[in-house]
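Subject: Structure handover

Hi,

Here is the structure I promised to pass on.

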Amino acid sequence: SWAWRFERDAERIFNVRHVVACANGTLDLIAALRALDLPSGEVITTPYTFSATAAAIRFAGHEPVFADVEPRTFCLDPDSVAKVVDRRTTRAILPVDLFGTSADYGKLRTFGVPVVADACQAVDAGMGCHGNIAAVSCNGAKQLPAGEAGAVLTNHSDLAERVRRFASHGENWSHPEVGLNVRLNEPTALLAWHGLKELRKRNATRRRLARVLIKELRSHAKIRTLPNSDGPPLYVFPLVLVEGVDRARFADNLKRLGVEVGKGYLTPILTDYPAFSSCRRTEMPVAMDLSNRSLVLFSQVRPPATTRDMKWLAGAIRTSLDST
């Protein structure tokens with residue numbers, strides 16, 4: 001099948017022993033958490049991400065607990081995690097490689113609980129599996145666009161087998177497990193398989209475009225933080241404004257020039273959602289600050305854009321900031 005071919009080629013390209021294709025990234029996360037076969041408890045994650053991360057924790061039978069993020073990577077801060085880890089109730093840690101940047105997995109593994117990597121925004125050739133198990137997304141905006149698709153990555157054969165059972169109604173009836181239909185459909189699997197062939201090339205273009213834009217904007221006094229120019233291929237391009245800059249006015253200036261931007265997520269941090277407002281958490285000043293000062297370029301810094309496009313975009317950003 002095309003799903004089988006996608007899995008085998010993805011194992012080689014991602015440099016991981018086992019890949020199990022799933023219908024989308026959210027279902028990847030649920031399957032990955034269930035594969036760990038943990039007793040119900042708490043899973044520590046970031047408040048600054050898409051709601052699917054925390055929703056997957058709930059659907060897998062656990063409760064999200066929120067720690068703060070690091071200001072330059074936007075990813076889960078191990079020092080903040082240390083403030084909410086509870087050896088009686090913490091079952092796992094679920095960092096998010098937000099916008100394509102990587103969490104500090106070395107430090108996160110020192111807490112002695114399983115690490116589930118939400119790598120849905122950080123799909124790259126040779127990426128491996130930083131946690132015990134990882135989830136990647138292949139929806140239309142990601143580095144490997146295939147409409148709506150995903151995959152679970154792991155180097156542990158027992159975890160891979162549990163994901164396969166869960167993704168196919170628990171069809172190995174010798175096990176007392178109930179599964180769902182989480183399989184990747186064949187037409188989408190064909191798109192994902194073809195996308196693998198272009199992944200290195202497309203990501204190289206993303207990196208090159210990001211480097212041009214970063215170079216053009218690096219010295220602007222009203223931009224506090226830009227991505228790392230030598231980092232992974234970005235899913236979207238974030239920038240953080242210095243204190244005092246009117247973000248709404250800046251965004252309006254850009255839109256008048258034809259540049260669509262966003263504030264990140266519709267709800268700034270997940271604890272602002274009614275569904276997660278009562279969850280245990282530590283103080284999260286960095287996440288709150290980033291949610292108030294960051295802007296995201298969603299579709300501009302990726303193919304088929306060119307170096308010339310990036311220089312025009314940088315000029316539009318500089319002009320918009322100077323008039324803010």
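Let's start in a loop: Pro 304 sits between strand 10 (294-297) and helix 10 (307-322). Helices here are DSSP runs (H or I, at least four residues) and strands likewise (E, at least two), numbered from the N terminus. A cis peptide bond links Pro 303 to Pro 304, with omega at about 10°.

Some housekeeping before the rest. This is a predicted model, in which local features need pLDDT of at least 70 and side-chain atom pairs count only at pLDDT 80 or more, while totals for chains, interfaces and linings use all residues. Residues are numbered from 1 along each chain as its sequence is written, and side-chain values use heavy atoms, with hydrogens and water left out.

Helix 10 also packs against a neighbour. Its axis and that of helix 8 (residues 247-256) come within 9 Å and cross at roughly 135°. Axes are lines fitted to C-alpha atoms, for helices over the stretch in contact, and angles run from 0 to 180 degrees between N-to-C directions. That makes helix 8 and helix 10 oblique to each other; angles under 35 degrees count as roughly parallel, over 145 as roughly antiparallel, 65 to 115 as roughly perpendicular and the rest as oblique. On the helix 8 side, Phe 250, Asn 253 and Leu 254 make the contact, and on the helix 10 side Ala 316, Ile 317, Ser 320 and Leu 321. Contact means heavy atoms within 4.5 Å. By class, that contact has five nonpolar, two polar and no charged residues (Ala, Val, Leu, Ile, Met, Phe, Trp, Tyr, Cys and Pro count as nonpolar, Asp, Glu, Lys and Arg as charged, and the others, Gly among them, as polar).

Helix 2 (residues 25-35) and helix 3 (residues 52-59) make another pair, with axes 9 Å apart and an angle of about 40°. They are therefore oblique to each other too. Thr 26, Leu 29, Ile 30 and Leu 33 of helix 2 meet Ala 52, Thr 53, Ala 56, Ile 57 and Phe 59 of helix 3.

Now the inside. The largest nonpolar core has 42 residues, and Phe 6, Phe 14, Val 81, Ile 93 and Leu 153 have the most contacts inside it. Such a core is a set of buried Ala, Val, Leu, Ile, Met, Phe, Trp, Tyr and Cys residues joined through side-chain atoms within 4.5 Å, where buried means under 20% relative accessible area (1.4 Å probe, protein chains only). Among the elements that each supply at least two residues are helix 1 (2-14), strand 7 (150-154) and helix 7 (186-217). Apart from this core lies another, of 28 residues, including Leu 226, Val 245, Phe 250 and Ile 317.

Phe 14 touches, among others, Val 19, Met 127, Leu 153 and Leu 196, not counting residues up to four places away in sequence.

Phe 74 is not a glycine, yet its phi is positive, near 70°. Phe 74 lies in the loop between strand 3 (63-66) and helix 4 and is buried, with a relative accessible area of 4%. Phe 99 has a positive phi of about 60°; its loop runs between strand 4 (90-94) and helix 5, and Phe 99 is buried at 3%.

Cheers

Note on methods: Buried < 20%, exposed > 50% of the residue type's maximum accessible area, 1.4 Å probe, protein only.
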